[in-house]
Structures are given as C-alpha cells and as structure tokens.
Amino acid sequence: MTAARTEAIQENVERPARNIDWPTVGDRQLFPSEIYGADVFDRKTMAEALPKPVFQRFCKQVQGRQQLDRPTADAIAFAVRIWAMEKGATHFTHWFQPQTGTTAEKHDSFLTLKSTISNGLEETYAIDYFSGGQLMQAEPDASSFPNGGIRSTFEARGYTVWDTLSPMFIRRGPHNTATLYIPSVFIGYNGEALDEKSVLLRSNEILSVAAVKLLNTLGDKETKRITTTLGCEQEYFLVDRAIYNLRPDLKIAGRTLLGNPPPKHQQLEDHYFGAIPSRVLACIAEAEYECARVGVPVKTRHNEVAPNQFEVAPIFEEASIAVDHNLLTMGILHQVAHRHKLKVLFHEKPFKGVNGSGKHANWSMQTDTGDNLLDPTSTPETNYRFLLFLVAILDAVYKHGGLIRSSIASASNEHRLGANEAPPAIVSAFLGAQLAEVLDAIEEGREVKPFSAPSGSTDGTKLDLKISTLPPIARDFTDRNRTSPFAFTGNKFEFRAVGSKQSPSFPVVLLNAAVAKSVDLVNEALIAIKGDKAVPSEEDILAVVRQFIVSTKLIRFEGNGYSDEWVAEAAARGLPNIKSCPEAFKQLITESSADLLVSQGVLSAAELHSRYHIQLEKYAKDLLIEGETLFGMIDTGVLPASFTYRKELADSINSQASAGVDAVPEKKLLAQLTDLSVKLQDANEHLKEVVAKVESLHGDQQGIYAGEVLTVAMEEVRKYSDALETKVADKYWPFPKYTELLL
C-alpha cells in the first residue's frame, strides 16, 4: 500500500469525533418541533412582523389576486432585514436554480454608504439598508449559465425574481456569520426561463387550472386551486474525505472510473436498515438539525442497500417548496459532511458492482382544503373523482412516456437505469392488485371481486401471525413494486427513476404538463357525455372512466420490470424502450412534445429547444471529463505502478537465475503483467484518440458519438486496469481500492 493510502487510512482511524451541543431550554433539550423553522421567515413570522394591511396585501398577491406593489415590498424588505439581522445576518442573496442541477447564489451586504453635505463638505457614513426593489429583483449574468443559445456571451443581462410562494430563510456560515436567502426564479432579459423553478411554477398553475375545471364539471364549485405535492427520498453515499482526496476520478467525475468491488459488499443484504455507524449518525444528526432550522421536514433516515449508502426522506410538501428543500438538503449534507471529514456522493453510480442512488419522487395532487385527489379511500370503485384523475394520469404516462423518460436522462443516471437496481428505461405504470381489479371490473362491466388478503395466512386485511403478544397488523391491499418506474403506492405515484444527483424539478414539470393535458381530455369527454345535465351521472362517469381504461391498458404492468420477458412484452405493446441519453433527449423536440409543452405555455419553442441543446451538450461534456480523467489516471498512476512491479519481478527473476533457481511463478506473473500492460496501453491510446474525436464534433453528432464510442473505449480501458489491480503488488497501487472506500 502506498504511503499516501496508508496515511489516509491511519488518519481515518485516529481522527477524533466531531461533537455539537443540541440546544436546550432549562434542563431539557429542545424538541424537534421547537427547532423547526427557527430560521425561516414564514407566514406566521411575517404576520407578526408586518402591519396587518400589508400582510393582507401580500396574501392576496400569493393567491394570485393582485400584484405585489412597491410599498408592500418595501415594508416586507424592512421587516425581513430587521428579523434577519437580529439573527446575525449580514448579507442577502437571491437563491436560484439554473440548469446545472444545483443552486446558485450571489451575496450582497446589507451595508451601504450614505452621504450628506455639511458646511460644503461631504460626509459619508454607513447604514444597513434593504429595499423592496432589492428584495423583488436582482441581476446575475445570464450568459454565464447554461442557456442553450438563448443568450449570447455579449447578451449578459438576466434577472432573478423573488418567488413569494417559497419562504425566505437564513443559512449560517463560519465565524458566526449568516445570510438571508431569498428563493427566486431566474429569467433572461426578454423573460425566457433560464432555470428549473420558473417552468415548475408554470406547470403547477396549468395543472391547477385543468384540475379545477374537472372538479367544477363534477359539481365541486368550492375548490379554487389545486397544488401538486412532492416528497423526494434522497439516496447518497458517504466516504472518508482523506481517502476520497486520493481518487482523482471521484473528485473530478463524481464516480470511480476504475476499481474492483471488494469480496464482501452488498451480497449478504446486511447493510439495508442496519445500525447506522456512529460517525455517520453524528453527521446525519447535525445535518437534520440544520435542515430543521431552515424548515426542511426531514422524517426518515436509514442505511441503504450498498455499503456506505444512506437515505434521507422528508414529509411531503407543495412541489415547488419540496424541490427547494431537496436541493437545500443536498447542500446541507455536503457542508456538514465536510465538517465531519466525510464526503457525500450524490452521483447515481459512484461504485461499480454495488447499487447506485436514486431520488424517488412521490407525487400527488391536493385541493386548497388539503384533500388528496389520489386517495382511493376504502372503496375506490365508487370514488369517481379518484377514478377520473387516475385514468387521466394513466393517459398522460401512456401518451407521453418518452417525454417523461427524457426528464431523467443523464450520463450518470444512464449507469443505473435498467441495471436490476433501478426501474427500466421502459416507462410503465403499476397500480397494484386492488386497483387493477377495480379497473378490470369497470372495463368488463361486472362487480368488483371481494378483495382480501391471501387465504390461509390472514383474516381480511389483518395479518394473523399466531403470536398472542403482538397487536393486530393492518395490511395494505396492494404490495409495492420496486421495479416499476411509476408506481401507485397507496395515495400517490412514486416516480422511482429520477436520479439522485439531478434536481427533481424538470421530471415534475413534464409530469404536470402531461397530466394537465389528459385531465382536460377527460373533462371534455365528461362534458360531452353529460349533455345538458347539471352534473354527470354515475353512468356518465363510468362510461368515461371505461373509455380511458381501455385506451391506456397497454401502459399498465404489474410484473417484474427487470425481466427480459417484460422487454419483449413492452416491445409487443409498442411501448418505447429508450436506452440511450441522446435518444431520450430527442423526445423533448418531437412534434407531440412541442404540442404538449408549447401549446399549454409550459415552455416556449425557444425554451424547449434550448433545454434539448443544454442536456445534449452536458451529456457530451460529462463523458469527455470522464474520458480525460481516466486516461490521465492510467498514464500517471496505473501504468507506472505496473512498470515498477514488473521491474521488481524482473530483478527477482535475474537474481534467482544467478543462484541457479528457475523463478517459474515470477515469470508467469511477469508475462501476465506484460500482456495486460500492453493491452492497457493500447486501449488508453485509443481512448485518447476517441476523446480527441469527440472534442472535434459538435451538436447531435458529439453526444451520439460520445455515447456510442467513448463509453465503450472507457470500459475497455477499465477492463484491463481492473485486471492489473488484481496482479500488481498492493504496495505499488496508486489509488485507494474499493476495500478502503467502502469497508
């Protein structure tokens, strides 16, 4: 083992644990509910800080009934500055989500200078100041962020605009500093959406309008607004930072480009839900504390399947706030892990041979009174409102499955999809046995079969474990299907294919848009069939539901999405199996996608094409970064290690020969090393040529060639490098192995 590897492992063992003091009141620790939202300028805090008329005007603005005027903005800015400065804030920032998969911020101080003229002399003094104009709008450089050609280098002006739906909050920094964060959208000079949030807000509005129309047709005149809810189960890895720093591939590309899985990894299935290691628990607990202070409702933490893999999951929230909180959680985990000398990895597949990470997006819709539209209740066969929205969602997924597939395509997620650890690249919907029976019965015009748990082991929906000391166990009517990319899980749909590193915003945008269109179609069908009646009859509703059950039946699949049989069956059904990213990205610019997104106002034609070009360009760049990193590691690390060990073996063979000993094992190993080194060297030279070729291409050709040729060249290099890792003496191997990273 090299000295650097030894020192990193020794540092890991000897490093003292980091401790923080949980806040207390009197002789007890604060309860989580007392910490939650302590650094959030929420509606309650705002109501206490603002004059009542000002707060009422703000509420009307949030509800869409009037625009935010400058006097109201000035009053809010004054109140939030006082609140923030009393908590130690010295700066503010418009916090936004460019199309980079992460967030962006520029900090400005509350400090400003004011001058007066006294006796003919100018006197300057400092004041703290924050205006309504500064609150509502800021100006970053629009041309320096991904824009897909919408903005040229010389067209730099862009704007961030305060998102009044998402509360402001304070993030604390080093040396007791703090900054006021203002959640914002990011647009170009002409109003083009350059971020993830603005299109999400648009799609939420469009779905709300469509859903309210359908509810009105059903006779519900009270509901005025529908919101989408979202809960993101965030998976990630934690590794020691000292060891991580010795892996250029992890530092640059986010994943290991070479290395063999350890003898023991996840095959014993003993890591999932196991005891959380104390050092990791200390890190997670501190991150949860910080999340609570900024209003992120973290609910669950646990070990995931792979070694060093974990998950954090929140309570579900309104979708745009949930996206904010997911990105905020990722940022907090990154910073807190750093304090604990750990490194958090959000890459979908950082390690070969063990499970990768996803971000399961649990999506639903609710009314402005908190009523979940996807709650089937105990009798879904007569819950007609639920059935109408259910078939609309199935229609959306069936007609726009390719578009939805494009939303989760990336160079990193490509390693995970369809790898028997994540949903396949074929988009289908799982409903479960109970709902499948309900839809089948409606289609066939018969009664729903009595639905109970399997005979022999249960009594109705109660599990009988034959253990008198245990309480009765209520069992769901439907099992879960982790192989489905889009599964109904009781009162929501779980979009399981979203990548752990990406923002969940765009997948929700496309889902919202597709569902809004299909809800409109269901509503039109219902209006047509009800005729002059004030509200549709049960027969009218069932006729429409039956129509959409039949037309969407091909998208429903209740079996094993990992099986080869499903691939063949999906092809027979005509469902797209989109395996590559360039192919997936093209789904964005098909005629049907443009009709869906542009006609509804989710994206303009220019915005849609810009996103296509951004994704394709990022895909090629990601692969180029990996290729250049890999051939550098081979040239400067792996091959020199092999050459050094070959020399040692050759010297040993010569020494033994001079002593009259035939060094048979050394000769055999030397021959193997020589053969592998030559093959690796040749493969690495070919990789360099492929990288140069990719760099010379542009547009679609670059992404397609990178996906088809560069990835194959990198795998060929890795094959020989990983073989050498098993032959070269450990003391010469330059990079930490999986046994050091994962165990």
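Student: Which residues in α7 meet Arg385, Leu388 and Phe389 in α12?

Tutor: In α7, the residues are Ala211, Leu214 and Leu215. To meet here is to be in contact, which means heavy atoms within 4.5 Å. The model is predicted, so local features need pLDDT of at least 70 and side-chain atom pairs count only at pLDDT 80 or more, while totals for chains, interfaces and linings use all residues. Residues are numbered from 1 along each chain as its sequence is written, and side-chain values use heavy atoms, with hydrogens and water left out.

Student: Where do the helices α7 and α12 lie, and at what angle do their axes cross?

Tutor: Helix α7 covers residues 197–217 and helix α12 residues 384–399; their axes come within 11 Å and cross at roughly 140°. Helices are DSSP runs of H or I with at least four residues, strands are runs of E with at least two, and both are numbered from the N terminus. The axes are lines fitted to C-alpha atoms, for helices over the stretch in contact, with angles from 0 to 180 degrees between N-to-C directions.

Student: What is the handedness of the crossing of α7 and α12, right-handed or left-handed?

Tutor: The crossing of α7 and α12 is right-handed. The near helix of a left-handed crossing is turned anticlockwise from the far one by less than a right angle, and that of a right-handed crossing clockwise.

Student: How many aromatic pairs does the rule give?

Tutor: The count is 24 aromatic pairs. Rings of Phe, Tyr and Trp (its six-membered ring) pair if their centres lie within 6.5 Å; planes under 30 degrees apart are stacked, over 60 edge-to-face, and the rest tilted.

Student: Why is the pair of Trp95 and Phe169 called edge-to-face?

Tutor: The ring centres of Trp95 and Phe169 are 5.4 Å apart and the planes stand at 90°, so the pair is edge-to-face. This pair links distant parts of the chain, 74 residues apart: Trp95 is in strand β4 (residues 89–95) and Phe169 in strand β10 (residues 168–172).

Student: Why is Trp95 called buried?

Tutor: Trp95 has a relative accessible area of 5%, and is therefore buried. Buried means under 20% relative accessible area, exposed over 50%, and partly exposed in between (1.4 Å probe, protein chains only). Phe169, at 4%, counts as buried too.

Student: Which residues form one aromatic cluster?

Tutor: The cluster consists of Phe386, Phe486, Phe488, Phe493 and Phe495.

Student: What makes the charged end of Arg28 sit over the ring of Phe31?

Tutor: The charged end of Arg28 lies 4.0 Å from the centre of the Phe31 ring. A charge sits over a ring if NZ of Lys or CZ of Arg is within 6 Å of the ring centre and within 35 degrees of the ring normal.

Student: Why is Phe96 called buried?

Tutor: Its relative accessible area is 3%, so Phe96 is buried. Phe96 is in the loop between β4 and β5 (107–109). Setting aside residues up to four places away in sequence, Phe96 touches several residues, including Pro140, Phe145 and Phe186. Phe96 and Phe186 are 90 residues apart in sequence and 6.4 Å apart in space, C-alpha to C-alpha.

Student: Why is Lys517 called partly exposed?

Tutor: With a relative accessible area of 29%, Lys517 is partly exposed. Lys517 belongs to helix α15 (residues 505–530) and touches Leu596 and Gln600, not counting residues up to four places away in sequence.

Student: What is Asn176 called, buried or exposed?

Tutor: Asn176 is exposed, because its relative accessible area is 77%. Asn176 is placed in the loop between β10 and β11 (178–188), and its phi is near 60°, a positive value in a residue other than glycine.

Student: And Asn308, buried or exposed?

Tutor: Asn308 has a relative accessible area of 18% and so is buried. Asn308 lies in the loop between β13 (298–303) and β14 (309–314), with phi near 70°, a positive value in a residue other than glycine.
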